[in-house]
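Hi,

Here is the structure I promised to pass on.

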Amino acid sequence: MTEPVPVDERSAARQFAVEVVQTLRAAGYEALWAGGCVRDWLLGKIPKDYDVATSAHPDQIRDLFGRRRTLAIGASFGVITVLGPRGAGQIEVATFRRDGGYSDGRHPDGVSFSTAAEDAQRRDFTINGIFFDPLEERVIDYVGGVEDLERKVVRAIGDPLARISEDKLRMLRAVRFAATFDFELEAATTAAIQQQAHEIVIVSAERIAAEMRRMLVHPGRATALRLLVESQLLDVILPEARLLDPASDAGPNETRGAAYERARSILARLEAPHFATALAALLRELQVADAPPIAQVVGSRWRLSNEERGLASWLLAHEALARHAHLHSWSRVQRMLIQPGAEELVQLGRAIAETLGESTAGIDYCAAKLRLPREELNPAPLITGNDLRTAGLQPGPKFRLLLESIRDAQLLGEITTKDEALHLARRLLT
Ligand code: ATP
Ligand code: MG
């Protein structure tokens with residue numbers, strides 16, 4: 001999860017966003033706040049960042065704020081980044097524009113500079129197309145965005161079929177906005193997404209993963225699952241999930257619907273999970289016996305980080321042990337609980353146990369053990385590979401197993417000193 005931004009940093013960012021508009025206006029240009037920051041502000045949320053739209057062209061913006069305080073990375077589509085004072089972040093200042101054709105289904109072929117009214121039309125959803133004049137505190141709405149915010153609707157600007165076909169990423173953005181704001185996806189926009197869902201493959205794996213990350217860590221993640229199923233996007237980005245579609249004909253009758261309900265319930269019960277934990281919740285019902293571990297398969301398809309893949313796989317491999325921990329040897333459970341994902345494992349295990357309607361005894365046992373003092377739960381190893389070499393033992397493939405056995409004996413309390421550990425090592429080697 002992202003850390004909450006400190007209050008003075010938030011107001012510094014807002015103050016700077018006002019100043020950027022003032023500077024542009026004083027130089028005779030039109031300038032307005034645009035996009036997500038206006039939407040968030042009207043929803044009573046603190047914007048993550050501010051975007052300014054202006055009649056000034058990129059060169060004029062750079063002349064006004066100075067080369068040293070601006071970055072021109074996005075200049076070819078009319079975006080200049082203006083760097084704020086310490087703690088105020090940076091602001092994207094974009095020239096009002098109209099986008100050219102979209103032949104690749106993802107990016108405009110070119111842009112031409114234009115008016116505020118036209119700039120609103122190129123934006124994706126009405127709730128993202130509202131302008132705000134922070135000097136006069138006035139909303140400027142060319143697209144009916146304010147009404148849709150009030151009615152809690154995500155609706156494409158203009159013809160939904162055309163807008164979705166221009167840029168396929170908008171399909172996932174629509175679902176994310178609906179799920180995270182708890183808004184409805186308007187019917188014609190939904191229909192356009194259903195019709196073009198198979199084309200989501202045009203979007204890069206990294207962008208798909210970025211959207212999935214934002215949806216799955218958000219409290220609206222169970223709604224996101226429902227909308228991903230209804231929009232038919234999930235079938236394409238996660239074909240294994242056909243089992244989760246109550247209306248699909250994949251899988252035996254009794255698993256359809258039931259698997260979906262379990263996945264939904266596990267997701268809903270997580271609180272502020274790591275992305276890997278929420279992903280494990282989504283994938284748990286999709287693991288097929290004898291198939292490769294699903295978190296690795298999906299992790300490589302979405303180009304997730306090794307850390308994300310590793311944690312999701314580890315959680316899925318251990319959740320059953322965690323749920324039944326009280327029935328297993330302490331050394332086995334302890335080895336699991338000293339891993340970095342243990343807290344997430346307890347959270348996931350509890351959500352699964354509650355969903356399955358089983359006792360949470362194993363999870364409660366794990367949670368209690370995790371509260372033990374660190375040196376008791378995870379004491380420093382009595383010996384290392386170096387100690388074995390110093391003691392004249394030949395390194396070899398058995399070393400790791402040997403160290404594990406010694407660690408087990410230590411965790412079980414059978415040995416308590418380095419000498420005892422070395423003694424055991426010699427005994428195990430003969
Ligand atoms: P968030 O930052 O919370 O994801 P946002 O709406 O600010 O939401 P950004 O990606 O920061 O999203 O984009 C800022 C604005 O640019 C949007 O509000 C929208 O007006 C426009 N925009 C962004 N992506 C697209 C797109 N793929 N198609 C059309 N307009 C877009
Ligand atoms: Mg934004």
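Below is what I found, starting with the ligand.

A quick word on conventions: this is a predicted model, where local features need pLDDT of at least 70, side-chain atom pairs count only at pLDDT 80 or more, and totals for chains, interfaces and linings use all residues. Residues are numbered from 1 along each chain as its sequence is written, chains are lettered from A and ligands numbered from 1 in the order in which they are written, and side-chain values use heavy atoms, with hydrogens and water left out.

Ligand 1 has 15 residues around it, and the closest are Arg39, Asn128, Asp167, Arg170 and Arg214 (a residue counts if one of its heavy atoms lies within 4 Å). By class, eleven of the shell residues are charged, three polar and one nonpolar (Asp, Glu, Lys and Arg count as charged; Ala, Val, Leu, Ile, Met, Phe, Trp, Tyr, Cys and Pro as nonpolar; the others, Gly among them, as polar).

Some polar contacts (N or O pairs within 3.5 Å) go to oxygen atoms of the ligand: from the side chain of lysine 48 at 2.9 Å, arginine 123 at 3.0 Å and arginine 173 at 3.1 Å. On its own, ligand 1 has 580 Å² of accessible area (Shrake-Rupley, 1.4 Å probe), and the protein covers 78% of that. Helix H2 (36–42) and helix H7 (169–181) are the elements giving two or more residues to the shell, with H7 supplying the largest share, four. Helices here are DSSP runs (H or I) of at least four residues, numbered from the N terminus.

Cheers

Terms used: Polar contact = N/O pair within 3.5 Å; in protein donor to acceptor, adjacent residues only side chain to side chain.
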